[in-house]
Amino acid sequence: MNSSNKKKICFITGSRAEYGLIEKIIKLFSRNKSFKTYLLVTGSHLNNKFGNTIKYIAKKNIIIKKIKLNLNLDSKESIYGNQLKLSQGIYKFYKSTKPDCFVVLGDRFEIFSLCSFIQFLNIPIVHIHGGEKTTGSIDDQLRHCITKMSHIHFVANKEFQSRLIQLGEEKKSVNIVGGLGIDKIYRTQLYTKQEISKIIKFDLNKKNILITLHPDSLKKNNTIKTTNLICKLINRFKHFNFIITYPNFDIGHDYIIKKFKDISTPNYNVNFHKSLGDKMHLSVLKHCDVMIGNSSSGFTEAPYFKTPVVNIGDRQNGRPMSKNIKNSKINYNSILNKFMISLKINKKLKNDNKYGKPGASNKIYNILRKINFKNILLKKEFYDN
């Protein structure tokens, strides 16, 4: 097919976790000769502080463009400066490429900012994983705003579809496809416990605890308090292994990184990673005895492995609760109590995940590849369904 006749589809990614979810969809489009596939890379992908995770991105038949942000300044001022970089970067990309649509996932700040600029370019936006609730963080507001700027939606279940319809989206534009997290798990050949131990050079012949903690974007003091309490727990259980991953780059990440670096340096039982990579992260999540923190992966991915989760604070409030999750308040006795309960949970408990069955990537691809994006009405109505 003549290059000028190809449809131009652009995916946007700002983090390793997000890219891991949309990776298969991108690959499917990259193999379709009717499409020219672009990937706009920004956020923590391009920063060595967070592992420079662009190195994990597949490049075959994909045109990669970059918008580099300043993630070295952990303050509100960095948000304003990065918004300027995002607006300049997306306009430059638009002028040179003129894509037919943009595909985004989730609720990150950089995704919200880019969508707010894209809507003025009169190009359709496709949003994946809308309709979810995390009322304990600013992500909740950003996610719903992205929904209102988008034209085609892919959600994990009927509850999330109903929420988008409640927001005034047209029912036929909201497609239930299941969660991309389970899709990623089913297509990944995970490492055994022995392979994990060899690769990350860590003896796993003990109780193994995975820690993934992100800043509280609404209450800074909660970030400090939760980090300190987890460090207190680590110091108490020196006979356990702790595998810790970096936080995202929300305001407050520097404190988390410093405290976990400090505790990992003198302790042989603490293993701190900028990025494990998707395959290793899922493998550790499967084989660990308990996951601790406030990450969405405790809700969207851990249930498939039946891995017990101690969810601290209210960052994930509003997400569907599976039986493997124990909610803890931000105080030591509550965290310790939920941790001790979680250690006794039987991993043979019934899988009651809330994010559907595998196959979401293929469903999204098969719907999108048939759409004539030029026929999409960019002037959105509010539908009183």
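Modeller: What follows is a walk through a predicted model, taken in the order of your questions.

Biologist: What does the radius of gyration say?

Modeller: A compact globule of 385 residues would have a radius of gyration near 21 Å, and because the protein chain has 21 Å, the two agree.

Biologist: Okay, the inside. Which residues have the most contacts in the largest nonpolar core?

Modeller: Those are I209, I211, F260, I292 and F339, within a core that has 55 residues. If you select F339 and set aside residues up to four places away in sequence, you will find that F339 touches I209, L233, F237, F240, V290, I292 and V310. There is also a second, separate core of 32 residues, which includes L28, F29, I57 and F373. As a general background, nonpolar side chains tend to be buried together in soluble globular proteins.

Biologist: Let's switch to α1. How many of its residues are buried?

Modeller: The helix α1 is mostly covered, with 12 of its 15 residues buried. Among them are Y19, L21, I22, I25, I26, L28 and F29, but also R16, E18 and E23.

Biologist: What does the R16 side chain pair with?

Modeller: A polar contact of 2.7 Å joins the side chains of R16 and D278. Leaving out residues up to four places away in sequence, R16 touches H45, T53, S275, G277 and D278.

Biologist: New topic: where is L142, and what does it touch?

Modeller: L142 is in helix α4, residues 139-149, and L142 is buried, with a relative accessible area of 12%. Apart from residues up to four places away in sequence, L142 touches D107, R108, F109 and F112. For a sense of distance, L142 and I251 are 109 residues apart in sequence and 15 Å apart in space, C-alpha to C-alpha.

Biologist: What about F382, is that one buried or exposed?

Modeller: F382 counts as exposed, at 51% relative accessibility, and F382 is found in the segment after α14 (360-368). Even so, F382 is in contact with K148, Q166, L167 and G168, leaving aside its neighbours within four places in sequence. The C-alpha atoms of F382 and N52, which are 330 residues apart along the chain, are separated by 41 Å.

Biologist: I'd also like to check backbone angles. What is phi at N61 and at K201?

Modeller: N61 has a positive phi of about 60 degrees although it is not a glycine, and N61 lies in the loop between β2 (35-41) and β3 (63-66). Phi of K201 is near 55 degrees, again a positive value in a residue other than glycine. K201 lies in the loop between α7 (193-200) and β8 (208-212), and K201 counts as exposed at 71% relative accessibility.

Biologist: Last one, N324: which loop is it in, and is it buried or exposed?

Modeller: N324 is found in the loop between β12 (309-312) and β13 (325-328), and N324 counts as buried, at 1% relative accessibility. Not counting residues up to four places away in sequence, N324 touches G298, A302, P303, K306, T307, P308, V309 and I345.

Technical notes. Residues numbered from 1 in each chain as written. Predicted model: local features only at pLDDT ≥ 70, side-chain atom pairs only at ≥ 80, totals over all residues. Heavy atoms only, no water. Core = buried A, V, L, I, M, F, W, Y, C linked by side-chain atoms within 4.5 Å. Buried < 20%, exposed > 50% of the residue type's maximum accessible area, 1.4 Å probe, protein only. Contact = heavy atoms within 4.5 Å. Polar contact = N/O pair within 3.5 Å; in protein donor to acceptor, adjacent residues only side chain to side chain. Helix = DSSP H or I, 4+ residues; strand = E, 2+ residues; numbered from the N terminus. Rg over C-alpha atoms; globule rule 2.2 N^0.38 Å.
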